[in-house]
Amino acid sequence: MDHVARTLNQSREYIASWVNPDGSLCRKMYYVARLEGFETHRDEVKGLLQKLGHHEAAEALPAEAPRGPAPKPDTGSASGSGTRRNHAAEDVLNILTAARAGKAVPEIMAEFGYTKSTVNRWISKTKWAGENLAQTLARMEGYEAHRPALQRLAGAFDLHQGDLPDPAAQRKQHVSAKILCRALTALVERLEHPRADQIKDTLEALGQAVGLAKNTIAKWLKADGSPRIALASLARLADYGERRVELQRLLKRLGHAEVAKTLPAGAGSSRAYMTTRLLVQALEQAGRGLKSTHAVAAALNISGNLLGGFLTISGGSVRLVDPGCLSSLPDYRSEREGLLQALRTLGLEDDARSLPAIKVSATEFLQGLRGKGREAAAAIAELQRDPRLSPADAARRHGLPPDEFAVAVRPGGLVRDRARVEERLERLEPHLSQGLDELLAALRRASKGEASGSGGTSSLMKRVQLAPAGNEPAKVFIVPQGDTTGSKRSQLENLYVSNAGLVRGPRSYEGERDRQALRWLSTTLRLLVPDSSEIQCYFDERTGSIAVAAGRTSDLRKIQSLLAGGDFRATARGELNKLVDSMSEREYRHVQKLFGHLKARRKGEDYDPAADLVLDAILKNAFVVPIESFSANGRTFALHAERRLNHWSKQTHGEPLDPAHVAGTMRPCGTCAEDLALPDEAHRGPFWLSAAAQANIDTDGAVQRQIDRSIGTSVTRTRENRLTVDVDTDSESDA
């Protein structure tokens with residue numbers, strides 16, 4: 001343990017508080033999952049535990065970090081006693097909200113990690129009166145923001161009569177870069193002490209060394225000395241500029257060289273208030289003869305430190321401090337052209353060339369310019385006539401999105417080659433590649449004065465959109481003929497009267513028995529998670545495990561909890577017995593097939609080589625439930641199940657999944673088929689026009705390509721003669 005502690009630059013006691021000498025974990029899994037970077041390194045930790053022979057611990061690792069605020073780690077004592085955690089008003093709000101929803105104390109403890117005494121204390125009318133908890137609450141961090149909600153809940157539980165008290169005045173401790181340097185110096189001295197392994201590693205002791213409370217220092221630094229806050233926030237400290245070099249030196253001594261390297265170059269206060277427009281004005285003042293940074297700052301009535309973080313003016317010499325950081329300024333996108341012109345006016349060509357290009361998402365780029373061939377041709381023609389005109393201004397004159405147009409077209413009306421365009425795009429996924437090629441080809445035709453067009457072959461297919469229904473969004477179907485009007489009872493029935501070739505009835509799964517087993521599993525999981533949406537399963541040949549995904553994060557959490565029991569077959573059987581009477585014929589058949597083959601497999605019987613691998617994974621409880629959300633354009637989405645699995649495969653293995661090993665309760669929709677790059681002959685459902693379905697998907701482009709290639713939208717005719725998009729194709733027999 002001493003060697004490990006020295007290698008990690010930690011005390012022996014600290015290492016021993018997490019890991020036993022045999023490599024087993026001595027903390028509860030909840031606290032392990034709370035560690036920073038847990039989800040990133042989870043699989044690595046699991047593999048190491050297995051190598052050390054701790055298989056039960058490896059399997060018990062949570063799939064993701066717990067939600068809710070982090071509780072104080074347990075001290076290892078039997079009673080769980082230890083330093084009492086300072087709770088915030090949000091904690092009380094979590095407890096009362098969960099209790100109001102009917103959750104029992106153990107459920108609240110499990111969801112948020114609070115102790116039993118904490119939960120009982122805040123839901124007890126006796127405690128509220130006897131301990132004057134209303135005043136305690138008024139002193140908590142975040143009380144003022146949550147006070148209205150807390151007032152309603154306290155009244156609903158009859159915990160407090162009348163209005164809750166006003167927020168208590170709190171003395172805020174001042175933190176400066178100088179104080180942080182003192183704290184880091186104290187930490188360095190402690191770690192380099194000859195008896196470092198005997199010195200307690202606590203933030204409380206570190207705070208005492210510099211005169212700060214533990215909860216104050218903990219907001220700024222972690223126990224290892226690395227910053228807890230965002231580096232931009234650190235740089236906003238008033239004395240950051242003069243202490244930056246010292247901070248870098250101390251961070252390097254503590255082993256945080258990468259953090260030291262990325263400390264912002266300019267003073268933080270300038271990062272907080274500087275704008276690109278202000279920088280343009282400063283350059284204009286320099287062009288009028290002002291010879292120093294402070295003279296220009298005075299002319300603009302701003303701080304010299306503010307301007308000096310971005311611009312250096314001395315003796316007539318002008319240069320940007322760090323052109324690469326300017327893209328973080330709030331108005332950089334709208335003012336970049338003006339900044340570029342101001343730099344070139346002063347002859348600062350190197351700085352002008354160093355300005356970061358404006359990046360747009362690939363989907364915004366494709367959607368913003370598609371179908372605008374006439375407008376693009378006019379803008380390009382104007383650029384060709386006037387080389388001094390900027391692409392952004394030309395775009396504005398002709399009703400085009402300026403940022404997107406400037407990504408593709410250079411001054412003078414030249415269309416950039418694909419490599420240069422890719423440099424300016426974010427999140428260019430493989431499924432968007434063809435749309436990018438088509439759009440650039442259309443722009444090149446426009447630059448040559450040629451007529452715009454898709455260039456594709458004629459198609460007999462057409463687009464039909466069904467309006468939203470209930471909780472479902474609008475959907476787009478690609479069919480050869482027909483419409484939604486008629487004598488049938490539903491729009492779907494009317495549409496497919498004339499498109500019988502796209503109605504899929506029961507079919508054989510010969511040669512795809514592994515996918516059939518995954519479909520049985522998906523149906524079973526959907527039964528066990530009431531009101532769940534689509535569920536898909538993917539057999540990962542690399543690991544021999546099954547990744548399970550759903551369209552809603554809430555369903556994934558339930559699935560994760562269900563599969564955490566260790567024996568899916570035993571856990572599921574009891575619950576399914578209660579549901580037999582409410583099962584459809586299809587659901588009952590799938591459940592019977594799954595458990596019949598699992599039973600036979602446990603006895604050593606062979607069914608099908610590929611399907612046996614899936615059945616073995618189920619018997620071993622080898623499941624993975626990717627639960628991470630997906631972010632695009634500043635928003636977070638819960639991807640459709642197949643796309644979630646594909647995203648997981650890219651993150652885990654560095655490459656897309658193999659569609660041949662995916663199956664579930666529904667066939668892939670149009671956007672999922674685009675994301676998974678399914679071949680033209682693969683059956684696919686409609687395009688769902690929800691925000692989650694279309695995240696990072698060029699929907700209009702995908703629809704047009706499907707029309708050009710005559711790829712129709714499939715629907716299912718079930719054995720009960722019901723037409724639906726809610727289930728995949730049935731098997732033609734009970735095999």
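Q: Which residue in β14 does Val 476 stand opposite?
A: Strands of a sheet pair through backbone hydrogen bonds, either parallel or antiparallel. In this predicted model, Val 476 stands opposite Phe 687 in β14. Strand β14 (residues 687-688) and β6 run antiparallel and are joined by 2 bridges.

Q: Which other strand pairs with β6, and over how many bridges?
A: That is strand β5 (residues 462-466), which pairs with β6 in the antiparallel sense over 5 bridges. To find this pairing on screen, look for Leu 466, whose bridge partner in β6 is Lys 475.

Q: How should I read the two faces of β6, and which residues lie on each side?
A: In a regular strand the side chains alternate between the two faces of the sheet. For β6, Lys 475, Phe 477 and Val 479 lie on one side, with Val 476 and Ile 478 on the other, and both faces are covered. Because 5 of the 5 residues of β6 are buried, the strand is largely enclosed by the rest of the structure.

Q: What does strand β2 have on its covered face and on its uncovered one?
A: Strand β2 (residues 317-320) has Val 318 and Leu 320 on the covered face, while Ser 317 and Arg 319 are on the uncovered one. Its partner is strand β1 (residues 311-314), joined to β2 by 4 bridges and running antiparallel to it. Ser 314 stands opposite Ser 317. The two strands form a hairpin with 2 residues between them, and Gly 315 in the turn has a positive phi of about 60°.

Q: How do I describe a pair of aromatic rings, and how many such pairs are there in the whole structure?
A: A pair of aromatic rings is described by the distance of the centres and the angle of the planes. A search of the whole structure finds 4 aromatic pairs. One of them is Phe 477 with Tyr 496: the centres are 6.2 Å apart and the planes meet at 70°, so this pair is edge-to-face. Phe 477 belongs to strand β6 and Tyr 496 to helix α30 (residues 491-497), so the pair ties together parts 19 residues apart in sequence. Phe 477 is buried, at 0% relative accessibility, and Tyr 496 is buried too, at 4%.

Q: Which aromatic pair is stacked, with 25° between the planes?
A: That is Phe 568 and Phe 595, at 6.4 Å centre to centre. This pair links distant parts of the chain, 27 residues apart: Phe 568 is in helix α33 (residues 568-577) and Phe 595 in helix α34 (residues 585-602). Phe 568 has a relative accessible area of 1% and counts as buried; Phe 595 is buried at 7%. Ring pairs also link Phe 568, Phe 595 and Phe 623 into a cluster.

Q: What sits over the ring of Trp 688?
A: The charged end of Lys 475 does, 4.9 Å from the ring centre.

Q: What is the strand order in the open sheet of 4 strands?
A: The order is β10-β9-β8-β13, with mixed pairing. The edge strands, β10 (623-624) and β13 (662-664), each pair on one side only. Strands β8 (residues 535-540) and β9 (residues 545-550) run antiparallel and are joined by 6 bridges. Helix α32 (residues 553-563) packs on the sheet, touching β8, β9 and β10, and its direction makes about 150° with that of β9. Within the sheet, Cys 537 stands opposite Val 548 in β9.

How values were computed: Residues are numbered from 1 along each chain as its sequence is written. This is a predicted model: local features need pLDDT of at least 70, side-chain atom pairs count only at pLDDT 80 or more; totals for chains, interfaces and linings use all residues. Side-chain values use heavy atoms; hydrogens and water are left out. Two strands pair if DSSP finds at least two bridges between them. Contact means heavy atoms within 4.5 Å. Axes are lines fitted to C-alpha atoms, for helices over the stretch in contact, and angles run from 0 to 180 degrees between N-to-C directions. Rings of Phe, Tyr and Trp (its six-membered ring) pair if their centres lie within 6.5 Å; planes under 30 degrees apart count as stacked, over 60 as edge-to-face and the rest as tilted. Buried means under 20% relative accessible area, exposed over 50%, partly exposed in between (1.4 Å probe, protein chains only). A charge sits over a ring if NZ of Lys or CZ of Arg is within 6 Å of the ring centre and within 35 degrees of the ring normal.
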